[in-house]
Amino acid sequence: KKPSGAPDSALAKPVSKVGVIGAGLMASQFALLFLRRLEVPVVITDVSQERVDKGLAYIAQELEKLVEKGRLSTDDRNRYLGNLSGSLDYAAFANCDWVIEAVFEELEIKREVFARIEQVVRPDCILATNTSSLSVDAIGANLEHPERLVGFHFFNPVAVMPLVEVVRAAKTSEEAVATAMKVAKNLKKTAVITSDSAGFVVNRLLGFLLGEAMRAVDEGANFEKVAKAIAPLGLPMNPFDLLELVGLKVGAHVLDSMHAFNQERFYASANLHKLAEYGKLLERDGRGKIKGYDPKAIEIV
Ligand code: 3HC
């Protein structure tokens, strides 16, 4: 059994350049956080220039919003943008000390990404995965140095949610865990070390909650009824709003992974896949405020 406490912080490696693989919803949000809190160069990549450009544009836009709100100086904004780059060429990751991925939640895709990354980074570069429901050891199984892979699981919205789960898999080295803990501290996140078990801690609970909420809807209760029934629990968001926040596709996929882990405990909803295909569950006004549930989404279920 692996130790459950935090390793000696002296084992942490310095991080002076960060690589982010993926430029989607989660990856762009944490790339922005690395820029702001670590103040180091950050390079991002994805499968197409279009996706990379979308990620870069998101980061620039979020920085602009902070400037407009008076929370960030233009000098800082310019410095962060100067530290940001995008590339389709993995060679751009050669000098990174910390490379983290948030590509699609599919074991083979993540394995392929790390196999490619391992060819270009230095032997002492720490690799991290933002996986939410796959085994970190399984992701690293084909690596030459699986000990340098650690789980580093952010929550949406990354800028606001205080927690990061640091996953200490069976093969993860104490240097990798210590580096992850230091990175989390520098990002001003609370880090919890978890074992490499399906859903770690948070998604075990969330997977159950979201799955049961979908089961209730699938069995005939409507979205509004379930949301109203659960409101007195005082959650910051009801399960359906939360599903839309994490992304219906991601949510459906996470529930499938949890269901594969334990079919009795976790419900995988076919209707959630149909909703993901349709693309939305909520209806919003012109300013993005939630008005209610989309009539077509209600029809789908
Ligand atoms: N990006 C950046 N900042 C955001 C944001 C976003 N997407 N959404 C909200 N914020 C900021 C706002 O700017 C505001 O900041 P300020 O107080 O400094 O001005 C602050 O968050 C509060 O926002 P609002 O006042 O607009 O709204 P709320 O008070 O309703 O809070 C919320 C919004 C923080 C999203 C809250 O509803 C919440 O905590 N929801 C639960 C989120 C959650 O459970 N996330 C976990 C998802 S699971 C996951 O990600 C794991 C994956 O593996 C599935």
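A residue is counted here as near a molecule if its C-beta atom, placed from the backbone, lies within 6 Å of that molecule. In this predicted model, 14 residues surround the ligand, and the closest are Ser132, Asn156, Pro157, Ala159 and Pro236. When the residues of this shell are sorted by class, 11 are nonpolar and three are polar, while none is charged. Helix H7 (202-218) and helix H9 (239-246) each supply at least two residues of the shell.

The shell can also be placed within the overall division of the chain, which consists of domain 1 (9-195) and domain 2 (203-300). The centres of domain 1 and domain 2, taken over C-alpha atoms, are separated by 27 Å, and the contact between the domains takes six residues from domain 1 and nine residues from domain 2. On the side of domain 1 that touches domain 2, two residues are nonpolar, three are polar and one is charged.

A further contact concerns a pair of helices. The axes of helix H1 (residues 25-38) and helix H2 (residues 49-68) come within 9 Å and cross at roughly 50°, and H1 and H2 are therefore oblique to each other. The crossing of H1 and H2 is right-handed; on the H1 side the contact is made by Ala27, Ser28, Ala31 and Leu32, and on the H2 side by Gly55, Tyr58, Ile59 and Glu62. By class, this contact of H1 with H2 comprises five nonpolar residues, two polar residues and one charged residue.

Notes
Residues numbered from 1 in each chain as written. Predicted model: local features only at pLDDT ≥ 70, side-chain atom pairs only at ≥ 80, totals over all residues. Axes fitted to C-alpha atoms, helices over the stretch in contact; angles between N-to-C directions. Helix = DSSP H or I, 4+ residues; strand = E, 2+ residues; numbered from the N terminus. Parallel < 35°, antiparallel > 145°, perpendicular 65-115°, else oblique. Left-handed = near helix turned anticlockwise from the far one by under 90°. Contact = placed C-beta atoms within 7 Å. Nonpolar A, V, L, I, M, F, W, Y, C, P; charged D, E, K, R; others polar. Domains from an automatic or database assignment.
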